[in-house]
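Subject: Structure handover

Hello,

Here is the structure I promised to pass on. Please open it first, then read my notes below.

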Amino acid sequence: MKKKRKASLPARYVLFFMILLCVILLGVNYISPGALSPVTEAINSVLLPMQKGLNHLGTGFADTAYDYQSLEEARAENQQLREQLTTLQEEVSNYQQGQQELEELRELLELSGQYSDYETTGARVIQKDAGNWYHSFVIDKGSDDGIEVDMNVIADGGLVGIVTSVGSNYARVQSIIDDDSNVSAMSLSSGDTCIVSGDLTLYSEGKLRLSYIDKDDNIWDDDKIVTSNISDKYLPNILIGYAQDIQTDSNNVTKSGYLVPVVDFEHLQTVLVIKTLKVTGEESQS
């Protein structure tokens, strides 16, 4: 059996009736302008809310798109600012490091001027032994630079220690605060002698031991203590520090006390090596 086809109105007829309806409505509106007002109001009552909704929806989409674009721009700007901040921080860090190195070089130059009678060379500390202080450390100069064992090392206007071993491009320094260090010293004002002994435990209080002072010797608190003329390894008249709490010992024969070093053994970065060795006819501990 053949299926019945549903009746359908050709599209051209629909278009014709719509055009005709529009012409009729235009004619009625022309003849009687107020006649179509109820129809217009009815249509507007349906279309206007739809138009407002569509406008609101369109505005929402536009605002969302704008906000998204603004967010992306803000993110890009934030990333750019972060990169600029990182660059500026690196530049500031490099500048500060350069200023610090310049200050260290100035201090070494001034210190070198104080010991102009000796040949000196600057060196940078590249390694230190475990602990809070530089009681034993390595510098970046060695035998290739003319460094030898027993050369004196200074910094901060005073004695740091002595070179104990040398490689081709490095050297190890034992500082005066090391437990095994003993320096023959004297009062700069009186010339009376004493011994400055290293003591890492005592140095936690910022002091070293000062001993072997004759009861009648003129070494008193605040006296400048320098390396003595009779030291076998240390050159004379290098400032070590200042006497403190000098008292007569219980044996009533000698005096002892403490020494406050002028060198900051917690923040050593650069040192000056005196390339002149102490000339002596005998070998003994200094």
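Start at Tyr134. Its relative accessible area is 11%, so Tyr134 is buried (buried means under 20% relative accessible area, exposed over 50%, partly exposed in between, with a 1.4 Å probe and protein chains only).

Two notes on the basis. This is a predicted model, so local features need pLDDT of at least 70 and side-chain atom pairs count only at pLDDT 80 or more, while totals for chains, interfaces and linings use all residues. Residues are numbered from 1 along each chain as its sequence is written, and side-chain values use heavy atoms, with hydrogens and water left out.

**Overall**

The protein has three helices and twelve strands. These are DSSP runs numbered from the N terminus: helices are H or I with at least four residues, strands E with at least two. Of its 286 residues, 31% count as buried. Take the contacts with a separation of 6 or more: residues 24 or more positions apart account for 59% of them. Contact here means heavy atoms within 4.5 Å.

**Aromatic pairs**

The count comes to three aromatic pairs. Rings of Phe, Tyr and Trp (its six-membered ring) pair if their centres lie within 6.5 Å; planes under 30 degrees apart are stacked, over 60 edge-to-face, and the rest tilted.

Tyr134 pairs with Phe137. The arrangement is edge-to-face, at 6.1 Å centre to centre with 75° between the planes. Phe137 is buried, at 0% relative accessibility.

Tyr203 and Phe265 make another pair. Their ring centres are 5.9 Å apart and their planes stand at 85°, so this pair is edge-to-face. It links distant parts of the chain: Tyr203 is in helix 3, Phe265 is in the loop between strand 11 (254-261) and strand 12, and 62 residues separate them. Tyr203 is buried at 9% relative accessible area. Phe265 is buried at 0%.

**Charges over rings**

Look at the lysines next. Lys128 lies over the face of Tyr134, 5.4 Å from the ring centre. Lys207 lies over the face of Tyr258, at 4.9 Å from the ring centre. The rule: NZ of Lys or CZ of Arg within 6 Å of the ring centre and within 35 degrees of the ring normal.

**Salt bridges**

Side chains of opposite charge can pair when their charged atoms come close. A search of the whole structure finds five salt bridges (a side-chain nitrogen of Lys or Arg within 4 Å of a carboxyl oxygen of Asp or Glu). Among them are these:

- Glu119 with Lys275: the closest N and O atoms are 3.7 Å apart. Glu119 sits in the loop between helix 2 (37-114) and strand 1 (120-128), and Lys275 in the segment after strand 12 (270-274), so the pair ties together parts 156 residues apart in sequence. Lys275 is partly exposed, at 22% relative accessibility.
- Arg172 with Asp129: the closest N and O atoms are 3.1 Å apart. Arg172 is in strand 5 (residues 171-175) and Asp129 in the loop between strand 1 and strand 2 (136-139), so parts 43 residues apart in sequence are tied together. Arg172 is partly exposed at 23%, and Asp129 is partly exposed at 26%.
- Lys207 with Asp245: the closest N and O atoms are 4.0 Å apart. Lys207 is in the loop between helix 3 (200-203) and strand 8 (208-214) and Asp245 in strand 10 (residues 239-248), so the pair ties together parts 38 residues apart in sequence. Lys207 is buried at 17%. Asp245 is partly exposed at 35%.

**Around Ser136**

Which strand holds Ser136? Strand 2. Ser136 is buried, with a relative accessible area of 9%. Leaving out residues up to four places away in sequence, Ser136 touches Lys128, Asp129, Arg172, Val173 and Ser175. Ser136 and Val173 are 37 residues apart in sequence but 5.7 Å apart in space, C-alpha to C-alpha. The Ser136 side chain also makes a polar contact with the side chain of Arg172, at 2.8 Å. A polar contact is a pair of N or O atoms within 3.5 Å; within protein, one must be able to donate a hydrogen and the other to accept it, and residues adjacent in sequence count only if both atoms are side-chain atoms.

Best wishes
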